[in-house]
There are 2 protein chains.
Amino acid sequence: MQVEFMKELILALDLLDREEAVNIALDTSDFVDRIKVNYPLVLSVGIDVVKELSKINPVIADFKIADIPYISSKIAEIAFKNGASAVIVHGFVGRDTVKAVLNVAKEYSGEVYVVSELSSEGAEEFMIKHSIEIVKLAKELGCHGVIAPATRIDRLIRIREVAEGLKVFCPGIGFQGGSLEAIKYSDGIIVGRAIYLATNPRDEAMKLKKIISDYDVRSNSL
Amino acid sequence: MQVEFMKELILALDLLDREEAVNIALDTSDFVDRIKVNYPLVLSVGIDVVKELSKINPVIADFKIADIPYISSKIAEIAFKNGASAVIVHGFVGRDTVKAVLNVAKEYSGEVYVVSELSSEGAEEFMIKHSIEIVKLAKELGCHGVIAPATRIDRLIRIREVAEGLKVFCPGIGFQGGSLEAIKYSDGIIVGRAIYLATNPRDEAMKLKKIISDYDVRSNSL
């Protein structure tokens with residue numbers, strides 16, 4: 001049986017301006033469960049934005065860590081030291097890197113999420129061939145969850161089955177063409193442009209949170 | 001026939017302190033052809049360190065870009081805008097991401113290097129199965145070179161054959177256990193800790209540059 005977590009709305013804050021990023025995080029905070037930051041924001045405005053955002057909502061450092069263990073653990077350490085509560089690592093680079101990141105996470109009581117396959121088309125070239133093995137690896141090593149594509153619902157369903165007991169978060173809804181149906185098969189959806197490019201980001205976040213909560217009610221009444 | 005480029009010494013400046021990084025870059029600059037920077041330095045001290053280092057030697061932004069095209073092109077743009085002359089991207093995420101990064105590189109007359117397989121052990125789990133395809137992809141798309149492991153000489157030799165016409169740069173010598181023999185089968189070696197942790201980084205860089213130049217002389221006299 002699939003463990004049911006409360007479904008989350010994760011805001012992917014892929015902006016390049018600090019003030020704009022912080023304002024949208026504040027504006028949408030009531031309806032957002034976590035904020036996901038990636039390199040474009042952090043490189044543009046500095047890593048300390050993670051600390052600032054973490055006062056609004058827990059921050060996932062989506063650094064898609066994909067390096068040798070020595071470098072990967074340094075990257076993870078910088079993320080956690082600056083207030084991230086979770087990091088995202090690629091499983092494709094192998095278990096030594098994932099383990100190195102997990103070791104750092106433990107020191108900070110942080111979480112580690114592993115990319116199964118990207119939501120983009122290119123993932124169909126190589127990643128798709130290994131995503132199930134990668135999910136198994138994430139589970140075996142004691143990671144907290146996996147990232148799986150909302151753009152390929154059939155894959156998402158399969159990944160979720162294998163990931164039983166781990167959280168499954170889904171990017172790709174909205175601008176990347178992924179379906180809201182992904183909510184049903186995940187523990188959280190990651191939404192960026194559909195919120196922060198909206199005329200009213202707060203309304204958009206509220207609308208999405210409402211849809212997610214409705215799915216939660218339905219899951220629990222099954 | 002393998003095209004022969006002048007072999008290079010690339011300094012992997014994986015430090016966390018700006019002054020120390022800049023001092024070692026200056027100290028070793030006569031013997032180093034390029035500086036490779038990675039996230040730990042840039043996240044710790046800010047992206048503008050790339051501009052500062054690029055005044056000493058050309059900088060490769062080793063951001064091991066491994067995201068969807070939309071984010072990957074943003075990361076590449078930040079690297080080039082801040083003075084990098086090259087970026088490193090992962091091929092396993094698929095050709096859409098590599099293409100997106102190449103498009104940005106073109107705007108800045110920058111170079112793109114693709115990771116074939118990491119020098120760490122974990123690469124033997126998934127990456128090794130696709131590294132030859134990834135090198136072919138890099139060639140087909142018009143990338144400038146590939147990164148191949150000094151820790152697996154047999155793989156390096158094979159990757160270099162397939163990569164004909166592209167540069168092949170090798171990390172993993174020294175602390176990771178890779179052999180100096182990698183110089184023979186590459187167009188440049190990437191050395192970090194063996195230089196910057198040395199009692200005298202300048203002497204170490206000089207010594208390595210001399211070894212590399214000797215290989216160059218031998219290659220040309222064949």
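Lys64(A) sits in strand β3 of chain A, which covers residues 59–65; helices (H or I, at least four residues) and strands (E, at least two) are DSSP runs, numbered from the N terminus. The model is a predicted one, in which local features need pLDDT of at least 70, side-chain atom pairs count only at pLDDT 80 or more, and totals for chains, interfaces and linings use all residues. Residues are numbered from 1 along each chain as its sequence is written, chains are lettered from A and ligands numbered from 1 in the order in which they are written, and side-chain values use heavy atoms, with hydrogens and water left out.

**Positive phi angles**

- Lys64(A) is not a glycine, yet its phi is positive, at about 35°.
- With a relative accessible area of 11%, Lys64(A) is buried; buried means under 20% relative accessible area, exposed over 50%, and partly exposed in between (1.4 Å probe, protein chains only).
- Ser109(A), also a residue other than glycine, has a positive phi near 50°.
- Ser109(A) lies in the loop between α5 (95–107) and β5 (111–115) of chain A, and its relative accessible area of 69% makes it exposed.

**Helix α4 of chain A**

- Helix α4 of chain A has 13 residues (69–81) and should span 18 Å at 1.5 Å a residue, which agrees with the 18 Å between its end C-alpha atoms; the expected span is 1.5 Å times one less than the number of residues.
- Buried residues in α4(A) include Ile71(A), Ile75(A), Ile78(A) and Phe80(A).
- Ser72(A), Ser73(A) and Lys74(A) are also among the buried residues of α4(A).
- After α4(A) comes Gly83(A), with a positive phi near 105°.

**Nonpolar core**

- The largest nonpolar core has 180 residues, of which Leu43, Leu53 and Phe63 of chains A and B touch the most other members. A nonpolar core is a set of buried Ala, Val, Leu, Ile, Met, Phe, Trp, Tyr and Cys residues joined through side-chain atoms within 4.5 Å.
- In soluble globular proteins, nonpolar side chains tend to be buried together.
- Beyond four places away in sequence, the residues that Leu53(A) touches include Leu13(A), Val22(A), Ile35(A) and Val59(A); contact means heavy atoms within 4.5 Å.

- Val89(A) is in strand β4 (residues 86–90) of chain A and counts as buried, at 0% relative accessibility.
- Leaving out residues up to four places away in sequence, Val89(A) touches, among others, Ile65(A), Val98(A), Val112(A) and Tyr113(A).
- Val89(A) and Ile153(A) are 64 residues apart in sequence, and their C-alpha atoms are 22 Å apart.
- Tyr113(A) is in strand β5 of chain A and is likewise buried, at 0% relative accessibility.

**Cysteines**

- The whole structure holds 0 disulfides over all chains; a disulfide is a pair of cysteine sulfur atoms within 2.5 Å.
- The closest cysteine sulfur to that of Cys143(A) is in Cys170(A), 17 Å away, which is too far for a bond.
- Cys170(B) is in no disulfide either, and the nearest cysteine sulfur, that of Cys143(B), is 17 Å away.
- Cys143(A) counts as buried at 4% relative accessibility, and Cys170(B) does at 0%.

**Chains A and B together**

- Chain B is superposed on chain A by a rotation of 180° with 0.0 Å of shift along its axis (RMSD 0.0 Å), which is the relation of a two-fold axis. The superposition is by least squares on the C-alpha atoms of residues with pLDDT of at least 70 in both copies.
- Gly46(B) is the residue of chain B that comes closest to the rotation axis, at 3.1 Å (C-alpha).
- The contact takes 45 residues from chain B and 45 residues from chain A.
- The copies meet through the same surface, because 100% of the interface residues of chain B are also interface residues in chain A.
- About 3,600 Å² is buried between the two chains, 66% of it from carbon and sulfur atoms; buried area is the accessible area (1.4 Å probe) that two parts lose on being put together, summed over both.
- Leu43(B), Phe92(B) and Phe126(B) supply 21% of the area that chain B buries against chain A, more than any other three residues.
- Phe126(B) is in the loop between β5 (111–115) and α6 (131–141) of chain B and is buried, with a relative accessible area of 3%.
- Residues touched by Phe126(B) include Phe92(A), His130(A), Ile134(A) and Leu137(A).
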